[in-house]
Amino acid sequence: MTDNKFQQYHAKFISGSAPLELDDALYEKLTATPRDYTLAVLLTALEARFGCQLCRDFQPEWDVVGKSWIKGDKKGNTRLLLGTLDFADGKGTFQKLMLQTAPILMLFPPTTGPMATADAQAIRYDFTMGSQSAEQVHNWIIRHLPAGPKPPVYRPLNYMRLITVTTAILGLVSFFSVASPYIIPIVQNRNLWAAISLITILLFTSGHMFNHIRKVAYVAGNGKGGISYFAGGFSNQFGLETQIVAAMYGTLSFATIALALKVPRMVDPRKQQIAVFVWGAVIFGMYSFLLSIFRIKNGGYPFYLPPF
């Protein structure tokens, strides 16, 4: 009798394109004992008036599991049926089980036959981590089935996504084909990459990531009614301090580059001499200021460089 029941509803199951749609009566009939088959039932509430977003998010994944089982187990070798009981069609079942939330996935193992288990109580799937994928639910189901071949998950080809990706790739290829004569010289510009590299180095050596990780204050009071721009110690730092240090490093870098590249190309010897003194003075002054800040960070540092 139970074998006939399985064959009857398995034929309906594989003739459709999704898990069986249940109501109170059919739920009672399929879960009644004795059972020589396994039944997986999703109790859900899909109508918008119930406000179950998780139910609507998970339903497509549940349909993927059902379609995969239909495609891979047409002969019913696993003796598994999958069904869906919506609250609109199964209010009596929800009340009988005293369910207050949805979705709830229940697996009813066989109570008789070679696949029967010692504990015939229904097993619940845990949705506490939010919506689950078809692969996760599929793995959970096969863990509770007897050993043997199981159908894999078959996801339908997303033609819209395929068309969108193909169109985007063709568009990018066309764009680069047309714009490459203008883009390639910019990309291959050594000065551009040198500037990007220098800015990146200055940004990170000045403590930018430290500020983001520690969420440091921009400035702080010095306890005398004034403002402290530099925090003492190497494990503390202010936001404005980072910007000042970055500006100093930037000035030192620019002055060094000017002395190494620009000044030697100057034709007028007098202007060249003036430029050497000016940029040398800038480097000297910035290093003096940098050492004074270092003494603030490390009070025991004995060296300094005038005028700071």
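Predicted model: local features only at pLDDT ≥ 70, side-chain atom pairs only at ≥ 80, totals over all residues.
E4 and strand E5 (residues 123-124) pair in the antiparallel sense, and two bridges join them. Strand E4 covers residues 104-108 and is mostly covered, with five of its five residues buried, while helices H7 and H9 have axes that come within 9 Å.

**Strand E4 and its pairing**

- Strand E2, which runs over residues 38-44, pairs with E4 in the antiparallel sense, and this pairing extends over five bridges.
- Leu107 of E4 is the bridge partner of Ala40, and Leu107 also stands opposite Ile123 in E5.

**The two faces of E4**

- In a regular strand the side chains alternate between the two faces of the sheet.
- In E4, Ile104, Met106 and Phe108 point one way, whereas Leu105 and Leu107 point the other way, and all of these residues are buried.

**Helices H7 and H9**

- Helix H7 (residues 190-205) and helix H9 (residues 239-262) cross at roughly 145 degrees, their axes coming within 9 Å, and the crossing of H7 and H9 is right-handed.
- On the H7 side the contact is formed by Leu198, Leu202 and Thr205, which meet Ala246, Tyr249, Gly250, Ser253 and Ile257 in H9.
- The residues of this contact of H7 with H9 divide into five nonpolar and three polar, with no charged residue among them.

Note on methods: Residues numbered from 1 in each chain as written. Heavy atoms only, no water. Axes fitted to C-alpha atoms, helices over the stretch in contact; angles between N-to-C directions. Helix = DSSP H or I, 4+ residues; strand = E, 2+ residues; numbered from the N terminus. Left-handed = near helix turned anticlockwise from the far one by under 90°. Contact = heavy atoms within 4.5 Å. Nonpolar A, V, L, I, M, F, W, Y, C, P; charged D, E, K, R; others polar. Buried < 20%, exposed > 50% of the residue type's maximum accessible area, 1.4 Å probe, protein only. Pairing = 2+ DSSP bridges.
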